[in-house]
Amino acid sequence: MEPVTDVSLLPGEDGVIEKEVIYICPFNGPVKGKVLITNYRLYFRSSDADLTVTLDVPLGAISRVEKMGGASSRGENSYGLDITCKDMRNLRFALKQEGHSRRDIFDFLFRLAFPLSHALPLFAYVTQEKYEENGWNVYKAMDELRRQGLPNNKWRITFINKNYELCDTYPTVLAVPYKSKEEDLRRVAAFRSRSRIPVLSWIHRKNQAVIVRCSQPLVGMSGKRNKDDERYLEMIREANDTPKLTIYDARPSVNAVANKATGGGYEGDEYQNAELVFLDIQNIHVMRESLKKLKDIVYPNVEESHWLSSLESTHWLEHIKLVLSGAIQVADKVSTGNSVLVHCSDGWDRTAQLTSLAMLMLDSHYRTLRGFEVLIEKEWISFGHKFASRIGHGDKNHADQDRSPIFVQFIDCVWQMTKQFPTAFEFNERLLLTILDHLYSCRFGTFLYNCESARDQHEVRIKTVSLWSLVNSKTDFYLNPFYTPEPNMVLCPVASMRHLELWVSYYIRWNPRIRQQQSPVEQRYRELLALRDEYLKKLEELQLSDSSPAPRVANSTTPNTPSSNSSTPSQHCTHLQTHF
């Protein structure tokens with residue numbers, strides 16, 4: 001069998017082992033071929049001329065590798081490897097039983113798929129990819145705060161956390177009430193879980209209402225109070241004279257009460273001029289189990305006869321609905337001039353979902369390609385969503401109870417909004433799919449580690465490439481052809497089960513029998529773009545030939561007039577551009 005040569009390796013990617021295997025394809029049955037394992041991916045290509053099957057799986061997307069069968073196992077294709085992936089698919093390979101043929105491939109795969117468990121670097125530190133734009137420059141905290149009109153006479157910028165001394169999971173630049181003193185912030189930090197004090201995420205330009213995020217107060221079973229925390233929330237309310245500060249607690253009320261037993265809790269009646277609303281969004285463990293159930297019904301086969309009841313039993317869309325509904329409530333309050341405070345338990349999971357989705361509804365800047373990158377960098381990465389714990393980058397402990405698809409849920413909610421408002425977003429579905437693929441791949445440093453302090457410690461910005469470097473190097477690929485900018489439009493999506501749908505082109509994309517067709521209009525747009533590029537290339541060639549030495553010009557009867565040949569592409573180009 002010929003070596004696997006049709007795979008294009010990344011700079012810094014090296015092939016480690018090639019082996020003849022049988023891929024137990026859930027759609028076509030056993031397929032003979034060759035598997036290549038590199039320090040970045042598992043690549044399989046079938047050898048059957050009549051059936052072309054290829055697999056290209058980043059090792060970072062692998063959650064679990066297990067041996068299937070033993071040396072004495074009987075039955076065809078009963079000896080090999082079982083691979084569970086984080087991206088909604090499983091893979092099974094059969095090998096020859098004689099001579100422990102799977103030992104070397106298992107050892108290599110296990111080490112390279114879980115490098116941190118074997119004291120090896122993640123691939124993001126090995127790759128040598130280069131891009132024209134440095135994606136790490138997409139988000140700068142001060143630039144984003146200035147864009148929002150900060151600081152002003154009600155809100156100030158503090159650098160109290162510049163060495164991560166106040167809160168080790170917060171960014172170094174924070175916006176806090178103008179009246180607050182640094183000592184106030186330290187006292188409030190002592191009363192908030194993980195010292196995650198209430199800080200500004202977004203301010204409404206016209207009515208000055210704000211979205212503030214934090215963690216739960218440390219009330220405990222004894223019902224402790226903290227006058228500094230109560231006074232601090234009153235400063236937030238006074239900043240735009242909101243009659244009442246609305247506190248959105250993302251948790252179900254029963255969970256918030258239960259958290260008192262572990263020292264947490266929620267804001268009680270002692271917080272004057274404040275109202276508390278529970279949003280009933282379940283915790284990370286419920287979300288993890290819900291996605292597991294969803295995977296069971298979509299891979300490898302979809303059971304058509306009981307599809308709707310099976311989907312309902314996963315509760316996945318129900319959770320999407322509750323997250324979206326909570327964000328809608330936050331956005332609605334702020335758009336009517338009322339400031340809000342959002343928290344869950346620690347303020348890095350459900351809180352990030354709610355603040356970022358509400359900001360997406362309220363601020364059209366975040367609905368642009370670069371604005372969306374900023375939103376993710378700001379509300380998720382800099383404010384300490386625990387990507388390393390929730391995804392398990394390079395970690396073999398697949399049963400870790402900290403793993404949960406919180407960020408996947410957020411991207412799903414964004415996709416639901418793009419379906420309801422197809423002209424409101426500058427980016428397309430391809431961007432969302434790319435983000436989720438590289439959430440797992442470990443090819444870029446963007447989603448590595450749990451917080452900014454850990455990224456600084458591991459020199460992520462210096463030693464790895466940002467995902468936005470890739471995205472911004474080919475923006476045409478991620479643009480929505482139907483985008484219509486409307487700067488002051490607030491989106492009001494409908495969070496009803498009748499209006500939500502399963503994101504088939506993500507969750508069921510590995511099933512070749514269920515392929516979503518690209519819309520004819522978008523397909524035609526892509527064709528026109530390709531045609532435009534072709535004409536522009538021809539035009540450039542003709543302009544170069546026109547500027548060549550004298551002999552060709554001497555043959556022309558009208559040297560100062562472009563030839564008919566050179567004008568034609570220009571006319572075509574102009575004609576095409578008018579359609580865009």
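Trainee: What span does helix H9 reach from its first C-alpha to its last, and what is expected?

Mentor: This is a predicted model. In it, H9 covers residues 350-362, 13 residues in total. Its span is 18 Å, close to the 18 Å expected at 1.5 Å a residue.

Trainee: What makes H9 mostly covered?

Mentor: The count of buried residues: 13 of its 13. Buried means under 20% relative accessible area.

Trainee: Where does Cys344 lie?

Mentor: In the loop between strand S14 (340-343) and H9. UniProt lists Cys344 for "active site", in an unreviewed entry. That annotation may be inferred rather than shown by experiment.

Trainee: Why is Cys344 called buried?

Mentor: Its relative accessibility is 2%. The cut-off is under 20%, so Cys344 counts as buried.

Trainee: Which residues does Cys344 touch, not counting residues up to four places away in sequence?

Mentor: Cys214, Gln216, Asp249, Ala250, Arg251, Asp349, Arg350 and Thr351. A contact here needs heavy atoms within 4.5 Å.

Trainee: How many salt bridges does the structure hold?

Mentor: It holds 38. Side chains of opposite charge can pair when their charged atoms come close.

Trainee: What makes Arg64 and Glu66 a salt bridge?

Mentor: Their side chains meet at 3.0 Å, N to O. The limit is 4 Å, so the pair qualifies.

Trainee: Are Arg64 and Glu66 buried, partly exposed or exposed?

Mentor: Arg64 has a relative accessible area of 30%. Glu66 is at 34%.

Trainee: What separates Arg186 and Glu183 along helix H3?

Mentor: About one helical turn, because they are 3 residues apart in H3 (residues 182-189). Arg186 is partly exposed at 43%. Glu183 is partly exposed at 40%.

Trainee: What about Glu267 and Arg192: how far apart are their closest N and O atoms?

Mentor: They are 2.9 Å apart, and the pair forms a salt bridge. The pair links distant parts of the chain, 75 residues apart. Glu267 sits in the loop between helix H5 (253-258) and strand S13 (274-278). Arg192 sits in the loop between H3 and strand S10 (199-203).

Trainee: Are Glu267 and Arg192 buried or exposed?

Mentor: Both are buried.

Trainee: Which residues are linked in a network of salt bridges?

Mentor: Asp184, Arg187, Asp228 and Arg231.

Definitions and conventions: Residues numbered from 1 in each chain as written. Predicted model: local features only at pLDDT ≥ 70, side-chain atom pairs only at ≥ 80, totals over all residues. Heavy atoms only, no water. Helix = DSSP H or I, 4+ residues; strand = E, 2+ residues; numbered from the N terminus. Expected span 1.5 Å × (residues − 1). Buried < 20%, exposed > 50% of the residue type's maximum accessible area, 1.4 Å probe, protein only.
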